[in-house]
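Colleague: I would like to go through the labels on this model and hear what each one rests on. Please set the values against the cut-offs.

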Amino acid sequence: MKKKLFITRKFPAHIVEPLKEYYDIEQWEEEEIVIPREKLLAAVADCEVLWVTLADQVDEELLLHAPKLKLVTNLAVGYNNIDVKALRKREIMATNTPGVLTNTTADLVWGLLLATARRIPESERYLREGKWKSWYPMQLVGKDVSGSTIGIIGMGRIGQAVARRAKGFDMKILYNNRRRRHEVEEMYGFQYVSLEDLLKQSDFVVIMTPFNNDTVGLIGAKELALMKDDAVLINASRGGIIDENALYGTLKNGKLWAAGLDVFEQEPIALSHPLLTLPNVVAIPHIGSASLQTRTAMLMLNVKELTAYGQGKAVTNRID
C-alpha cells in the first residue's frame, strides 16, 4: 500500500509525477494562493508525508491533527515555519534545501545593495513619471560601493558568498557570527568583530543570520542608532530579525541612507505598511532564491528526499 503524501501548493506536474510510484498524492490546486489553515488541518488527518512551503506553519496544532505524520519536507533552507521541537518529541523527520540556493541568494543580496546605494528603483520611477527634464550635478546622486566597508551578520554559506563578492568591489569585509570562521579569515582576509563594532564601522550592513529565538529583534532602535548616518541596511534572511517599527522611525528621521528588504515580519507585507511610504526603502517580495534554475534545484532536492523515504532508504538534509 502506498504512503499518503499531501502537497500544500501546486507544483509543476513533471516534478510531482515521479513520486506517484511511491505515494498516493493529494495536492492543493493553487499555485499562488496559500492553502487555508482549516483545509490544511483537514488534509493532514491521514497523511504520512507532508510537503510544505514557508507559508505553511507546521506547529503543535497541526501535529495534533496529523497522527500518522512521519516526514515533513520543506521547500526552503530556512525552517522557522516548523516547530522542530514538537516534531522531535513525536519522532517526526523534517528536511530542507541547503546548499542549492547559496549563490542565487547572494546575487540577490548584491542586487539589493546596489539598488539601494545607487537609488536605481527611485531613478527608474523618476524617468517613468516624466521627471527627467535635464541633467544637473546632484541629480539622483548615490553612494559609492567600491572601497567601502561591508559588515555581514551571519557568516554561513550565504554570508560567505556575499563576502566573496564584496572582494570584487575592493571592500573591507567585517563579520559577526555565533562562532568565528578562522578558515575564511585566513583564506579571504575577512575580519571578525563584535556586533556593536560592526554596526558602528560598516557602510553597508547585511543581515544573513538565521531566524531563531536568539535573533528575534536583533536589530532594534538601539542597534540602528549605532550605525553610520549614511549606512545602508540589507535584510535577505528572515523578517523579525529587524524591528520594522524602529527601522521606519530611524529612516523617517533621516538616519541611514536606505534599506533594502527582501523579507518582512508578516508576509505578504501589507500595502499600508509605513516602510512602503519611504522612497529610500527598496522592498521586494521574498525572492532571494527565485531563479528558475535554483527553484527547480530546490524542488528536486525535496523530490530526492521524498523518493528516498518512499523507497525505505535513509533521508538526508534533516533538520530534526
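Colleague: Where is Leu140 found, and how do you know that the stretch is a loop?

Modeller: Leu140 is found in the loop between H6 and E6. Helices (H or I, at least four residues) and strands (E, at least two) are DSSP runs, numbered from the N terminus. The phi of Leu140 is positive, about 50°, although Leu140 is not a glycine. This is a predicted model, in which local features need pLDDT of at least 70 and side-chain atom pairs count only at pLDDT 80 or more, while totals for chains, interfaces and linings use all residues. Residues are numbered from 1 along each chain as its sequence is written, and side-chain values use heavy atoms, with hydrogens and water left out.

Colleague: Why is Met138 called exposed?

Modeller: Exposed means over 50% relative accessible area, buried under 20%, and partly exposed in between (1.4 Å probe, protein chains only). Met138 has a relative accessible area of 61%, so Met138 is exposed. Met138 lies in the loop between helix H6 (120-128) and strand E6 (149-153).

Colleague: And what makes Asn317 partly exposed?

Modeller: The relative accessible area of Asn317 is 25%, so Asn317 is partly exposed. Asn317 sits in the segment after helix H12 (292-310). Its phi is near 55°, a positive value in a residue other than glycine.

Colleague: What is the bond that joins Glu267 and Pro268?

Modeller: It is a cis peptide bond, with omega about 0°. Pro268 lies in the loop between strand E11 (258-261) and strand E12 (281-283).

Colleague: How many cavities of 30 Å³ or more does a search of the whole structure find, and what makes a space a cavity?

Modeller: The search finds 1. On a 1 Å grid over the protein atoms alone, a cavity is a set of points where a 1.4 Å probe fits but cannot get out; lining residues have an atom within 4 Å of a point. A volume is the space filled by probe spheres set on the points, which are joined across faces, edges and corners. The largest cavity holds about 40 Å³ of space. Its lining includes Asn235, Arg238, Ile242 and Phe264.

Colleague: How does the lining of the largest cavity divide by class?

Modeller: It has 5 nonpolar, 3 polar and 2 charged residues. Ala, Val, Leu, Ile, Met, Phe, Trp, Tyr, Cys and Pro count as nonpolar, Asp, Glu, Lys and Arg as charged, and the others, Gly among them, as polar.

Note on methods. 1 Å grid on protein atoms, 1.4 Å probe; cavity = no way out; pocket = protein on both sides within 12 Å on 5 of 7 lines; lining within 4 Å.
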